[in-house]
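User: I would like to learn how an interface between two parts of a chain is read, and then how a single residue is read.

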Amino acid sequence: MIYAVIDIGSNTVRLSVYKIHGDKVTNLFNEKEQASLKTYVKDGVLSEKGIQRLIETLKNFKSVVDNFEDIDELHPFATATIRDAANRQEILDRVKDELDLDIEIISGEEEAKLSFIGASSSVDVSRGVLTDIGGGSSEVVIIDQHKVIKSTSLSVGSLSAFNDYVDGLFLSKDEKKSIDSEVKSLLESNKMYREDHDLLCAVGGTARATMKFYNEYYNESTSNTVMDASKLNDMIKDFIEKEPREILDAILAVKPDRVHTLLPGMVILNRLAKYFYCEKISISQTGVREGYVYNKLLGRNN
């Protein structure tokens with residue numbers, strides 16, 4: 001069987017195609033579109049322009065899938081921005097009417113669970129904290145003995161943090177403090193109690209982009225997937241002090257599609273590492289989409 005999965009996030013919409021053979025899941029190819037749906041939300045409503053942006057993106061991905069006769073099923077699912085939209089039903093109805101696609105809404109708790117299952121397919125997450133920092137929300141999972149002990153969805157992500165706290169293109173020291181305080185407050189209000197954890201495992205686009213930037217900054221191998229939390233903290237402090245042009249050039253050289261969201265995403269990741277006293281941050285190349293395939297399509301729970 002070959003499955004196509006479309007992950008409709010707040011910042012990016014991603015298409016991933018997987019081949020299933022027995023117990024083996026192989027990623028065949030990926031496509032992504034920087035749709036930035038969160039920027040089209042006003043007073044909790046996704047605007048007409050935002051709905052059109054979504055429909056056009058899904059239409060393009062559906063066309064890609066239709067060109068491959070070997071793909072057996074297409075499964076689109078949505079997270080924070082569509083999940084929280086006041087006009088969610090209208091969005092789902094429009095997509096169904098125009099593209100004959102049924103978008104599945106994934107709850108914050110379920111998103112956290114799927115991220116854990118997906119990450120477990122490629123890295124050891126037997127104990128510690130796992131996070132998936134998206135554009136509009138950040139999922140946080142506490143793990144012990146390969147099981148989810150507690151999970152929550154924080155209503156802050158790399159794009160929403162940029163929209164809500166950053167006045168210019170790059171954040172200032174005070175804006176960093178505001179994002180820090182918001183993440184800490186959300187963790188406390190969601191009763192994610194502070195305790196020591198050896199490892200923070202991070203999945204998703206923000207985590208991968210941060211890892212790529214970290215490796216470039218510290219001249220690490222491009223294959224390196226583990227960050228020292230204190231060095232991440234130092235890197236963020238250094239970049240906030242730089243002139244805007246220096247920051248722009250550095251991000252454009254490594255991850256140009258995240259020029260405005262990379263630093264806010266780093267700040268969220270950094271605060272999570274501090275909150276749980278994690279010394280190391282491991283980046284997984286698999287996450288919520290792989291978790292969706294394993295759990296939703298193959299019926300596995302770990």
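**Reading the domain interface**

Analyst: In this predicted model, 12 residues of domain 1 are in contact with 14 residues of domain 2, contact meaning heavy atoms within 4.5 Å. Local features need pLDDT of at least 70 and side-chain atom pairs count only at pLDDT 80 or more, whereas totals for chains, interfaces and linings use all residues. Residues are numbered from 1 along each chain as its sequence is written, and side-chain values use heavy atoms, with hydrogens and water left out.

User: How much area do domain 1 and domain 2 bury between them?

Analyst: The size of an interface is often given as the accessible area lost when the parts come together. Here domain 1 and domain 2 bury about 900 Å² between them, 48% of it on carbon and sulfur atoms, where buried area is the accessible area (1.4 Å probe) that two parts lose on being put together, summed over both.

User: Which side chains meet in a salt bridge?

Analyst: A salt bridge is a side-chain nitrogen of Lys or Arg within 4 Å of a carboxyl oxygen of Asp or Glu. The side chains of aspartate 257 and lysine 32 form one, at 2.5 Å from N to O, and the count between domain 1 and domain 2 is one salt bridge.

User: Where is asparagine 30 placed, and with what does its side chain make a polar contact?

Analyst: Asparagine 30 lies in strand β3, residues 24-33, strands being DSSP runs of E with at least two residues. Its side chain makes a polar contact (a pair of N or O atoms within 3.5 Å, one able to donate a hydrogen and the other to accept it) with the side chain of serine 16 at 2.7 Å.

How values were computed:
Helix = DSSP H or I, 4+ residues; strand = E, 2+ residues; numbered from the N terminus.
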